[in-house]
There are 2 protein chains.
Amino acid sequence: MSLLAVGTVAFDNIETPTGRADMVVGGACTYITLAASYFVKPVRIVSVIGDDFPNDTLSELKARGADLEGLQIKEGEKSFFWAGRYHNNFISRDTLDTQLNVLADFDPVLPESYRNSEYLMLGNLVPAIQMRVLEQLEKRPKLVALDTMNFWMDSALDDLKAVLKKVDVLTINDEEARQLSGEHSLMKAARVIHQMGPKNLIIKKGEHGALLFHDGEIFFAPALPLAEVVDPTGAGDTFAGGFIGYLAKTGDLSFANMKRAVIYGSAMASFCVERFSVDHLKELTPDIIQDRVKQFAKLVHFQI
Amino acid sequence: MSLLAVGTVAFDNIETPTGRADMVVGGACTYITLAASYFVKPVRIVSVIGDDFPNDTLSELKARGADLEGLQIKEGEKSFFWAGRYHNNFISRDTLDTQLNVLADFDPVLPESYRNSEYLMLGNLVPAIQMRVLEQLEKRPKLVALDTMNFWMDSALDDLKAVLKKVDVLTINDEEARQLSGEHSLMKAARVIHQMGPKNLIIKKGEHGALLFHDGEIFFAPALPLAEVVDPTGAGDTFAGGFIGYLAKTGDLSFANMKRAVIYGSAMASFCVERFSVDHLKELTPDIIQDRVKQFAKLVHFQI
């Protein structure tokens, strides 16, 4: 099944309590694409970079199954750049620098060959840009998933609500679910958000796992306790890539399969945080992924 | 199997974002006893109250299976009192008032009939008092569980470490596990805490569930998403009561059965928070509890 991924392709400077990495490859679309590439190929990319992006990295993305036809390369401009420092809990973080660069006037243009995509992952971006992508599809995809964040709830709520009407799966964290719905109880928040459009809500809780709300049903996926977290950057995007990649591979949108997809997404995210940048996402094999999924199953297994 | 529960029996004033309750029955020992009473009777209580405690409440505890022989009643004195106000997240809270009263010079004395107890739940209390109880047992119980909190890590760490050497199961929250071990990773924290004595560590994460670390193995129990949380007071004590009550009933200390005990504890805690004080813990039946345990099983079920 054809998968289209939209989001940033960027450089990051990352400081964590245990180390740092400068000018490493980042961006939501990069994490989504690499995670999804273990399940489905090609992954059609819609993004924008400057002419400062290494050719090697682009070749590597292509070799791993990325279709770069929709990746705009702006001559004489610089790629999006983010610098951040994580606190001791590896969760909260300070943004040290944000340089929009090519992202400032990004206008996504879908190549003709992308317009029939059946699965669409709208990575965290300006809601109006997410909408622009949707509008260029020749028919409604089989599944549209959208990731967003509190920043857009604060600054572009109307645009976000407009695009949410066209979305099947929304992925946000617990505080964002509370903010978007105005409800503290996540059960009630899910009901309010279902009314906004998405029939499926995935609440990402980082080290506390994830909740899937699907049409009155709930599924709780744990996070795998890890001996060492190196860099949490991109974990949510990696989750999203694994989730939609698995759905695109299997073509099954039942609740039972969505639950499996949440587990595959969680497994991919658990790899992501074990190394800086996308490093670990380049080293996996289907066997390694399957072993980790089995660890998730073992972690929550009990008999009554 | 015989279960001994140690902790406070008290009055609480509780304010939450949605309501308040004044001079209601509280205390770790009360919650532990009521939760455990659904699994094993009698529950032998060691605690202290003043002469201000209603006879009705004592009769009710007795009718529900509490053995009150070890409950000291101090004439002319007042029971322990705590007043607190929860923040909007229902997790963090401010203590508005603490009156130790009878607790100030509490010296636990075990009745002769208690000294052969096979299961011991040391509720959150001064570590030296927890130790005093242990010292009066004629032989080591089959299982000793201990609940504590950051306050004792700050103020009585040596005493806490001394009692931990004699404990099989420690229940604390995630921040306390990090503080006690000096490790941020809960995997590493568990290893350090195993070295301190407890072969089993239960990390309570409130609405994020609980982790059981058992001799190199890990189990993750979810929390049940609830439409309405009314009062989180006593949830951890209720968890502990359900956990040890189930173990005392079944007499099976295997990892498989400890996992079940964590689920039963989590189920009891989920009832606790749905009403103020111990109200909901007085209304349950084995069928209601079993139905909720099935909801926990359904919540995490997936097939790969």
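Is the crossing of α1(B) and α8(B) right-handed or left-handed?

Analyst: The crossing of α1(B) and α8(B) is right-handed. Here a crossing is left-handed if the near helix is turned anticlockwise from the far one by less than a right angle, and right-handed if clockwise. The model is a predicted one: local features need pLDDT of at least 70, side-chain atom pairs count only at pLDDT 80 or more, and totals for chains, interfaces and linings use all residues. Residues are numbered from 1 along each chain as its sequence is written, while chains are lettered from A and ligands numbered from 1 in the order in which they are written.

Now the geometry of that pair. In chain B, α1 spans residues 28-36 and α8 spans residues 235-250. Helices (H or I, at least four residues) and strands (E, at least two) are DSSP runs, numbered from the N terminus. The axes of α1(B) and α8(B) lie 7 Å apart, at an angle of about 40°. Axes are lines fitted to C-alpha atoms, for helices over the stretch in contact; angles run from 0 to 180 degrees between N-to-C directions. The pair α1(B) and α8(B) is therefore oblique. The classes are: under 35 degrees roughly parallel, over 145 roughly antiparallel, 65 to 115 roughly perpendicular, and the rest oblique.

Next, the residues. From α1(B), the contact takes B:Ala28, B:Tyr31, B:Ile32, B:Thr33, B:Leu34, B:Ala35 and B:Ala36. From α8(B) come B:Asp237, B:Thr238, B:Ala240, B:Gly241, B:Gly242, B:Ile244 and B:Gly245. Two residues are in contact if their C-beta atoms, placed from the backbone, lie within 7 Å. By class, the contact of α1(B) with α8(B) has eight nonpolar, five polar and one charged residues. Ala, Val, Leu, Ile, Met, Phe, Trp, Tyr, Cys and Pro count as nonpolar; Asp, Glu, Lys and Arg count as charged; the others, Gly among them, count as polar.

What follows α1 in chain B? The loop between α1 and β4 (43-50) holds B:Pro42. The peptide bond from B:Lys41 to B:Pro42 is cis, with omega near -10°. Chain A also has a cis bond, joining A:Lys41 and A:Pro42, with omega about -5°. A:Pro42 sits in the loop between α1 (28-36) and β4 (43-50) of chain A.

Two other helix pairs of chain B give a comparison. Take α3 (residues 127-135) and α5 (residues 157-164): their axes come within 8 Å and cross at roughly 30°. That makes α3(B) roughly parallel to α5(B). The crossing of α3(B) past α5(B) is left-handed. On the α3(B) side are B:Pro127, B:Ala128, B:Gln130, B:Met131 and B:Leu134. On the α5(B) side are B:Asp159, B:Leu160, B:Ala162 and B:Val163. Seven residues of the contact of α3(B) with α5(B) are nonpolar, one is polar and one is charged.

Then α9 (residues 255-272) and α10 (residues 286-300) of chain B: the angle is about 110° and the axes are 9 Å apart. So α9(B) and α10(B) are roughly perpendicular. α9(B) passes α10(B) in a right-handed crossing. B:Ile263, B:Tyr264, B:Ser266, B:Ala267 and B:Ser270 of α9(B) meet B:Ile289, B:Arg292, B:Val293 and B:Phe296 of α10(B). The contact of α9(B) with α10(B) has six nonpolar, two polar and one charged residues.

Finally, the two chains together. 27 residues of chain A are in contact with 27 residues of chain B. On chain A, α7 (186-196), β14 (217-221), α9 (255-272) and α10 (286-300) each supply at least two residues of the side that touches chain B. That side of chain A divides into 18 nonpolar, four polar and five charged residues. Of the interface residues of chain A, 96% are also interface residues in chain B, so the copies meet through the same surface.

A rotation of 180° with 0.0 Å of shift along its axis superposes chain A on chain B, with RMSD 0.0 Å. The two copies are thus related as by a two-fold rotation axis. The C-alpha of chain A nearest the axis belongs to A:His208, 2.9 Å from it. Superposition is by least squares on the C-alpha atoms of residues with pLDDT of at least 70 in both copies.
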